[in-house]
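Reader: I would like to learn how to read a structural model with some care, beginning with the whole chain and then going on to single residues. Could you take me through one?

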Amino acid sequence: MTAIIFAGGDIRNYDFIDTEANMIICADRGILHTGRLRILPDIVTGDFDSYTGNMPVCREVFRSVPEKDDTDTMLALKLAIERGADSIRLYGATGGRFDHTFANIQALIYAYDNNCKMTIYDEDNIITVQGAGTEQYHKYKDWYFSVFALTEKLYVKKMTGVKYPVEDYIFTQKFPVGVSNEIIDTAVVNIEKGLALIIRSRR
């Protein structure tokens, strides 16, 4: 099942957003984005410290207190997984406060550990994680393709279809050697062990 989560980060242009999903969840200020898109969320959650307007018509509202361990986006992610989501598109997760952007990248790891494929989208970036196994990434014209180690070591058996292919290579957290690669046709990344942060970025 596919879910969309709208977090409270800035979105300058809504043209890239795909609103087709089984479930739409707003995390606090993310309500602003569904309002601007003129769609109604199924669930709204958060402590509402950054949104004080009227609540939209929706099926469920979950209020939390500001003094909590989870970010509002993490609350929305946990709800999505509890409701059966195995694929999530996260919008409004970048821009504004960098601490929240980093927290949302950590949320990608949480989703992965709970058997859910989550991807962050903004106007200029597509961000996800990949663990052991093989994944394909399609080419976007004039976009970069970067691979970073989220674990201390990332063992890449093979990465092909890119300008700078690798084979039996170990990425580490200490050096960003995987930044600004380019997809030639379709990138194929075979990870033997570890967790990678995969970022496709517009030039």
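This is a predicted model: local features need pLDDT of at least 70, side-chain atom pairs count only at pLDDT 80 or more; totals for chains, interfaces and linings use all residues.

Reader: What share of the contacts in the protein chain with a separation of 6 or more comes from residues 24 or more positions apart?

Author: Such residues account for 57% of the contacts with that separation.

Reader: How should I read the packing of two helices, and at what angle do α2 and α3 pack?

Author: The general idea is to take the angle between the two directions together with the distance between the axes. Here helix α2, residues 72-82, packs against helix α3, residues 98-113, at an angle of about 20 degrees, and their axes lie 10 Å apart. Because angles under 35 degrees count as roughly parallel, α2 is described as roughly parallel to α3. The crossing in which α2 passes α3 is right-handed.

Reader: Which residues of α2 and α3 meet?

Author: From α2 come Thr73, Met74, Leu77, Lys78 and Ile81, and they meet Asn104, Ala107, Tyr110 and Ala111 of α3.

Reader: How many of the residues of α2 are buried?

Author: Eight of the 11 residues are buried, so that α2 is mostly covered. The buried residues are Asp72, Thr73, Met74, Leu75, Ala76, Leu77, Leu79 and Ala80. After α2 comes Gly84, whose phi is positive, near 105 degrees.

Reader: Where in the chain are Arg38 and Asn115, and what is the phi of each?

Author: A positive phi is worth noting together with the residue type and its place in the chain. Arg38, a residue other than glycine, has a positive phi near 60 degrees and is found in the loop between α1 (31-37) and β3 (43-46); with a relative accessible area of 79%, Arg38 is exposed. Asn115, which is not a glycine either, has a positive phi of about 60 degrees and has its place in the loop between α3 and β6 (117-121). Asn115 counts as exposed, at 70% relative accessibility.

Reader: Is Glu20 buried or exposed, and is Val147 buried or exposed?

Author: The relative accessible area is the value to look at, and the contacts then complete the picture. Glu20, in the loop between β1 (2-6) and β2 (23-27), is exposed at 62%. Leaving aside neighbours within four places in sequence, Glu20 is in contact with Ile4 and Arg89, and the C-alpha atoms of Glu20 and Ile4, which are 16 residues apart along the chain, are separated by 8.4 Å. Val147 lies in strand β9, residues 143-149, and counts as buried at 3% relative accessibility. With neighbours within four places again set aside, Val147 is in contact with Leu154, Met159, Phe171, Gly178, Ala196, Leu197 and Ile198.

Notes:
Residues are numbered from 1 along each chain as its sequence is written. Side-chain values use heavy atoms; hydrogens and water are left out. Contact means heavy atoms within 4.5 Å. Axes are lines fitted to C-alpha atoms, for helices over the stretch in contact, and angles run from 0 to 180 degrees between N-to-C directions. Helices (H or I, at least four residues) and strands (E, at least two) are DSSP runs, numbered from the N terminus. Angles under 35 degrees count as roughly parallel, over 145 as roughly antiparallel, 65 to 115 as roughly perpendicular and the rest as oblique. A crossing is left-handed if the near helix is turned anticlockwise from the far one by less than a right angle, and right-handed if clockwise. Buried means under 20% relative accessible area, exposed over 50%, partly exposed in between (1.4 Å probe, protein chains only).
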